[in-house]
Amino acid sequence: MTDLIISPYALALEELKQQPTHKLKEVGDQWRSPDPLWWGINSMFGPFVLDLFADKDNTKCEAYFSAEDNALIQNWSEKLSVLNGAAYANPPYSRASKYEDVYVTGMRHIMAHTMAMRELGGRYVFLIKAATGEVWWPEEADHIAFIRGRISFDLPTWYRPEEGQPTESSAGFGAAIAVFDKNWHGTKFDYVSRNHLEARGAAFMAQIERAARKILPTVPAIDELDSLVEELEIEDSDVPLSKESIISESGFKVWACAAAAFGDLPAFTFTQSKFAHTWAADSVTNPLITAVPKETIAKAVGMIEAQADADQLKEWVISTFEPDNHAEYIERLQRVAEECWDEHQLAMPGFIHTIEQFERAVLSNIRVLRATIRNAFPIQTNDVWPAEVKLIADQIPTLHTIEEGHHRKVLQHINRMLLERHPSSEIITAAKSLTISFGEHAQ
């Protein structure tokens with residue numbers, strides 16, 4: 001280990017932690033990665049064994065480099081060769097500073113050191129702002145996965161807010177995952193939804209909890225499910241029943257759980273609404289307290305992701321067009337966005353990025369827009385599929401009953417998820433749900 005260089009940056013951070021109260025703006029570089037999101041990223045690109053920018057209060061891994069260690073003078077590759085895993089970083093964004101001619105912060109210097117470590121070997125996975133216009137943006141990364149949906153980070157454990165200061169997480173921002181690994185063999189760019197990452201993370205955390213239950217059956221946090229159930233108990237008078245009231249009072253996620261389980265009803269019974277509230281408060285993707293079929297979970301997740309896409313498109317339209325035209329543009333673009341997903345598996349961030357390149361006049365006419373999209377993404381037919389795709393397809397009995405074009409779209413979806421290294425069980429669930437959806441549309 002290199003001798004420590006205790007910089008003013010590290011000393012100022014320690015002094016900040018010791019203050020009796022704090023302002024939100026003082027949190028600075030110390031926002032924490034949310035656990036479900038981190039575990040989701042870990043499940044896709046890990047296992048993570050080294051946290052590059054952390055301290056004892058917020059590290060995600062047993063091994064980490066603190067501000068006192070100064071990650072920019074450490075040999076990450078050498079450390080990983082001992083730990084046998086990948087490194088994770090939620091890096092500091094503060095202005096570049098150095099001490100005794102050694103940089104301790106600055107994204108350009110962080111990225112330069114990362115590229116040097118990449119050449120020495122190892123995998124380095126960064127959760128960063130999707131700030132493509134910044135000079136430090138890692139164009140040279142081996143893989144960039146843009147995250148659909150804004151990311152909210154957790155406050156540090158030492159944060160003690162002054163009176164009137166917020167006590168909750170940040171409002172969040174667009175984010176991306178950057179992978180530096182010279183042995184990477186996947187795609188250069190991709191998209192992944194925040195909901196998907198959190199779902200994978202929740203599943204991963206649940207597996208750890210189950211394993212802990214077997215090893216340490218008396219762990220209080222696990223054996224106190226009864227008290228958790230009590231916390232989720234809702235008084236009869238407090239449960240919204242109509243679709244409108246559930247969405248306005250409890251949020252779209254709760255309504256999606258109700259609709260997935262019981263259908264899109266104008267009003268739900270008390271039992272149905274309470275079930276949806278309990279399920280959503282537990283975990284949409286991996287409920288432990290309520291028993292929910294996999295197909296129902298897939299429906300709820302699909303609705304939540306669709307709503308997130310619709311919100312993202314609406315936000316873009318509002319920021320782009322005059323107010324008088326918002327409703328018209330939202331309806332038109334939403335329809336074409338759905339067609340682009342069905343035909344090209346083009347996710348909403350990619351769709352928005354595509355139409356941003358078109359002349360505004362193109363977006364005013366749906367026929368012209370469709371023609372421009374077709375020119376940009378010519379439909380490619382492919383009837384020769386890898387063996388893995390066929391193996392998955394063989395486990396979906398109703399796949400052969402849907403229309404040929406839809407059949408091909410399901411195979412394309414399976415192939416894409418395989419390339420993204422999703423688990424087979426997850427791919428089968430998604431493909432079954434998509435097959436059912438196409439079958440319902442044909443009726």
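Residues are numbered from 1 along the chain as its sequence is written. Because the model is predicted, local features need pLDDT of at least 70 and side-chain atom pairs count only at pLDDT 80 or more, while totals for chains, interfaces and linings use all residues; side-chain values use heavy atoms, with hydrogens and water left out.

The chain contains 17 helices and nine strands. Helices (H or I, at least four residues) and strands (E, at least two) are DSSP runs, numbered from the N terminus. Of the 443 residues, 43% are buried, where buried means under 20% relative accessible area, exposed over 50%, and partly exposed in between, for a 1.4 Å probe and protein chains only. Among contacts with a separation of 6 or more, 68% are between residues 24 or more positions apart; a contact means heavy atoms within 4.5 Å.

Strand S8 (175–180) is a place to start. Ala 176 lies in this strand and is buried, at 0% relative accessibility. Apart from residues up to four places away in sequence, Ala 176 touches Phe 126, Leu 127, Ile 128, Ala 130, Trp 137, Ile 144, Ala 145, Phe 146 and Ile 147. Its C-alpha atom is separated by 9.7 Å from that of Asp 190, 14 residues apart along the chain.

The loop between S8 and S9 holds Asp 181. With 8% relative accessibility, Asp 181 is also buried. Its side chain makes a polar contact of 3.0 Å with the side chain of Arg 123, and reaches the backbone nitrogen of Asn 183 at 2.9 Å. A polar contact is a pair of N or O atoms within 3.5 Å; within protein, one must be able to donate a hydrogen and the other to accept it, and residues adjacent in sequence count only if both atoms are side-chain atoms.

Next come the helices. Two packed helices are described by the angle between their axes and the distance between the axes. For H8 (residues 243–250) and H9 (residues 252–262), the axes come within 7 Å and cross at roughly 140 degrees. Axes are lines fitted to C-alpha atoms, for helices over the stretch in contact, and angles run from 0 to 180 degrees between N-to-C directions. Lys 243, Ile 246, Ile 247 and Ser 250 of H8 meet Phe 252, Val 254 and Trp 255 of H9. The buried residues of H9 include Val 254 and Trp 255, and the buried residues of this helix pack against H8, H10 and H11. Just after H9, Gly 263 has a positive phi of about 100 degrees.

Helix H10 (residues 270–282) contains Thr 278, which is buried at a relative accessible area of 13%. The side chain of Thr 278 reaches the backbone oxygen of Lys 274 at 2.8 Å.

H11 gives the largest share of the lining, eight residues. Among the 27 lining residues, Ile 147, Gly 149, Gly 174, Gln 312 and Pro 349 are the closest to the pocket centre. Ile 147 was named above as one of the residues that Ala 176 touches.

Technical notes. 1 Å grid on protein atoms, 1.4 Å probe; cavity = no way out; pocket = protein on both sides within 12 Å on 5 of 7 lines; lining within 4 Å.
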